[in-house]
Amino acid sequence: MMTRIRRLSAPGAASALLLLSLVGCGSGDGAGPADDKPVSSASSSPSLPSAPSPTSSVNEDGTAKAGAKAKLGEPVLLRYGGGTKSGVLEVTVTGIEKGSKADVASLGLEDDAKKMTPYYVRATIKNAGKNDLSHAAVDPPGGLLDDGTAARQLLVIGTFAACDSYPKTKRFPPGASYETCAPVLADPGTEVTGAAWTGQGYPDFPPSAGVTWTP
């Protein structure tokens, strides 16, 4: 996949990279790494579903297949692959919040980006497999616009209190979890209503080829 990136000036403590567009597609077929398995259901909370519906979107080990769809708030088991790390994650998109242009005013966005509205895709990520994923570079789910296309992702270098997307995986053994957030931008007239997990073991383009959450 090729990603066009525009560097933006930043007068404050934080700076930003705006991912403008995604071109091409990932080389993976969505099968993901196969050297880890989810922990047994007896060790997880029985009140939460461990895989998306319908069941045809689930692999034999309970992880989601490429193209699986889930509802916001529904935990989904995902096969994870990134760098030298592989395992199984349970990802729950806990909410999507509409931000304010004032939130990103200090990031020095250029004129076209200043017209966009920030949204914050919040999620909980749990190491649901048996592999230690400490120091794994885990990206949070991205935003999905109301027309099903991917929202433009805002990568902030430095502290961004409104939505911290830095992976909290310095220590990420089996069973550990953390809360994360992806700041994304929507053009005027559009809204971020869903989320998508792409790459990291799943096809990275289009977003529907990964795993998506919608209301």
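These notebook entries record what I looked up in a predicted model of one protein chain.

**Conventions.** I number residues from 1 along each chain as its sequence is written.

**Confidence.** I looked up pLDDT, the predictor's confidence in each residue, from 0 to 100. The protein chain averages 81, and 76% of the residues score at least 70. Confidence is lowest in strand β1 (residues 2-7), at a mean of 30, and highest in strand β10 (residues 192-197), at 98. Strands are DSSP runs of E with at least two residues, and helices are runs of H or I with at least four, numbered from the N terminus. Over residues 1-13 the pLDDT stays under 50, and I note 39 contacts beyond four places in sequence for them in the model; contact means heavy atoms within 4.5 Å. Residues 18-34 are also below 50, with 50 contacts beyond near neighbours in sequence.

I then turned to β6 (residues 117-127), where eight of the eleven residues are buried. Buried means under 20% relative accessible area, exposed over 50%, and partly exposed in between, with a 1.4 Å probe and protein chains only. Two strands pair if DSSP finds at least two bridges between them. With strand β5 (residues 85-98), β6 pairs in the antiparallel sense over nine bridges; Glu 97 has Tyr 120 of β6 as its bridge partner. With strand β9 (residues 177-186), β6 pairs in the antiparallel sense over ten bridges, and Ala 123 stands opposite Thr 180 of β9.

**Aromatic pairs.** My search of the whole structure gave two aromatic pairs. Rings of Phe, Tyr and Trp (its six-membered ring) pair if their centres lie within 6.5 Å; planes under 30 degrees apart count as stacked, over 60 as edge-to-face and the rest as tilted. The rings of Tyr 120 and Phe 160 are edge-to-face, because their planes stand at 70°, with the centres 6.3 Å apart. Tyr 120 belongs to strand β6 and Phe 160 to the loop between β8 and β9, so this pair ties together parts 40 residues apart in sequence. Both Tyr 120 and Phe 160 are buried. Phe 172 and Tyr 178 form an edge-to-face pair, with ring centres 5.3 Å apart and planes at 70°. Phe 172 is buried at 1% relative accessibility, and Tyr 178 is buried at 6%.

**Cys 163.** I located Cys 163 in the loop between β8 (152-157) and β9. Cys 163 is buried, at a relative accessible area of 2%. Neighbours within four places in sequence aside, Cys 163 contacts Tyr 120, Cys 181, Ala 182 and Pro 183.

**Open sheet.** I traced four strands in an open sheet, in the order β3-β11-β10-β7, with mixed pairing. β3 and β7 (142-145) each have a single partner strand, so one side of each is left without a neighbour in the sheet. Within the sheet, β10 and β11 (residues 211-214) pair in the antiparallel sense over three bridges, and Trp 197 has Val 211 of β11 as its bridge partner.

**Thr 63.** I found Thr 63 in the loop between β2 (15-23) and β3 (69-71). Thr 63 is buried, with a relative accessible area of 0%.

Terms used
This is a predicted model: local features need pLDDT of at least 70, side-chain atom pairs count only at pLDDT 80 or more; totals for chains, interfaces and linings use all residues. Side-chain values use heavy atoms; hydrogens and water are left out.
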